[in-house]
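Student: I'd like to learn how to read helix packing from a model. Can we work through one together?

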Amino acid sequence: MTTTTTGADLAVSRAEYCVIACAEAWRGDGEVLAAAMGTVPTLGARLAKLTFEPDLLITDGEARLAADVPALGAAPAAVEGALPYRKHLELVAMGHRHVMMGASQLDRHGNQNISAIGDWSRPSRQLLGMRGAPGNTVNNPTSYWIPRHSTRVFVPGQVDVVSGVGYGRLNGPTGRFHDLRRIVTDLAVLDFGGEGHAVRLLSVHPGVTVDQVIAATGFPLVLPGDIASTRDPSAEELRLIREVLDPRGARDREVRG
């Protein structure tokens with residue numbers, strides 16, 4: 001009798017569950033550019049391409065489209081095209097890109113802040129600035145990766161500065177391509193499926209309770225009747241993460257155990 005080993009039979013780290021959850025954000029996307037910001041989202045995009053979403057486009061992190069799927073930090077062995085900044089912006093404007101960004105603050109309806117903390121006229125902290133967040137959120141699908149789920153990120157009320165546009169701010173034709181998809185954190189997976197596109201809890205990672213997620217969130221979460229556990233990786237997915245994509249274990253430096 002032959003038995004099949006699954007991820008549930010193996011010791012899976014919190015970081016590996018986060019990689020799986022990020023990969024799932026690109027499920028069904030087909031031939032779009034997976035723009036991943038951060039170690040875990042990059043691993044998620046590359047894992048998705050190697051498994052259930054082979055048509056995804058990935059970059060070398062600079063200005064080239066990779067024809068293969070290299071390990072984290074390695075150059076692609078084959079390149080299928082140039083992607084200078086102007087071409088990248090064309091993909092953004094045309095919606096042929098699904099970005100997973102970070103956020104210093106997020107509110108209940110998906111408004112994101114990466115610009116400054118405090119009053120705009122005299123902020124207490126200067127951050128990245130607007131960068132490409134407005135164009136991302138208006139023109140192409142956007143998800144978020146939060147490696148430290150806390151009330152400092154998931155703030156009550158409104159974010160201090162709106163960098164990425166949340167639901168309820170765009171009217172008429174301006175918002176016709178507005179599409180916020182998922183939030184993956186070190187504790188859980190969330191989306192915008194509540195009434196009025198409020199943030200909804202979809203799943204908690206194994207070892208995390210719903211109460212922990214609620215306590216780490218500064219606004220009321222929409223709680224469905226059945227909150228799942230983030231799915232286990234398969235044995236093959238774990239092999240790809242550990243041996244092919246991230247043999248040096250960079251994922252565990254971004255996510256606490």
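Predicted model: local features only at pLDDT ≥ 70, side-chain atom pairs only at ≥ 80, totals over all residues.

Student: Which residues of helix 1 and helix 2 make the contact?

Tutor: From helix 1 you have Cys-18, Val-19, Ile-20, Cys-22 and Ala-23, and they face Val-40, Pro-41, Leu-43, Gly-44, Leu-47 and Ala-48 of helix 2. Sorted by class, this contact of helix 1 with helix 2 has 10 nonpolar residues, one polar and no charged ones.

Student: How do I describe the geometry of such a pair?

Tutor: Two packed helices are described by the angle between their axes and the distance between the axes. Here the axes of helix 1 and helix 2 cross at roughly 60 degrees and come within 7 Å. That angle makes helix 1 oblique to helix 2.

Student: At what angle do helix 2 and helix 6 pack, and how far apart are their axes?

Tutor: Helix 2, residues 39-50, packs with helix 6, residues 235-245, at an angle of about 120 degrees, and their axes are 11 Å apart. Helix 2 and helix 6 are therefore oblique to each other. Their crossing is right-handed.

Student: Which residues meet there, in helix 2 and helix 6?

Tutor: Helix 2 brings Leu-43, Arg-46, Leu-47 and Leu-50, while helix 6 brings Glu-237, Leu-240, Ile-241 and Leu-245. By class, the contact of helix 2 with helix 6 has six nonpolar, no polar and two charged residues.

Student: And is helix 1 perpendicular or oblique to helix 6?

Tutor: Look at the axes of helix 1 and helix 6, which cross at roughly 110 degrees and come within 11 Å. That makes helix 1 roughly perpendicular to helix 6. In this contact, Glu-16, Val-19 and Ile-20 of helix 1 meet Glu-237, Leu-238, Ile-241 and Arg-242 of helix 6.

Student: What about charged pairs: which residue forms a salt bridge with Glu-16?

Tutor: The general idea is that side chains of opposite charge can pair when their charged atoms come close. In this model, the side chain of Glu-16 meets that of Arg-251 in a salt bridge, 3.1 Å from N to O. This pair links distant parts of the chain, with Glu-16 in helix 1 (residues 14-25) and Arg-251 in helix 7 (residues 251-254), 235 residues apart. The count of salt bridges comes to 12.

Student: Where does pLDDT stay under 50?

Tutor: Over residues 1-5, for which the model has three contacts beyond four places in sequence. For the chain, the mean pLDDT is 93, and 96% of residues reach 70 or more.

Notes
Residues numbered from 1 in each chain as written. Heavy atoms only, no water. Axes fitted to C-alpha atoms, helices over the stretch in contact; angles between N-to-C directions. Helix = DSSP H or I, 4+ residues; strand = E, 2+ residues; numbered from the N terminus. Parallel < 35°, antiparallel > 145°, perpendicular 65-115°, else oblique. Left-handed = near helix turned anticlockwise from the far one by under 90°. Contact = heavy atoms within 4.5 Å. Nonpolar A, V, L, I, M, F, W, Y, C, P; charged D, E, K, R; others polar. pLDDT = per-residue confidence, 0-100. Salt bridge = Lys/Arg side-chain N within 4 Å of Asp/Glu carboxyl O.
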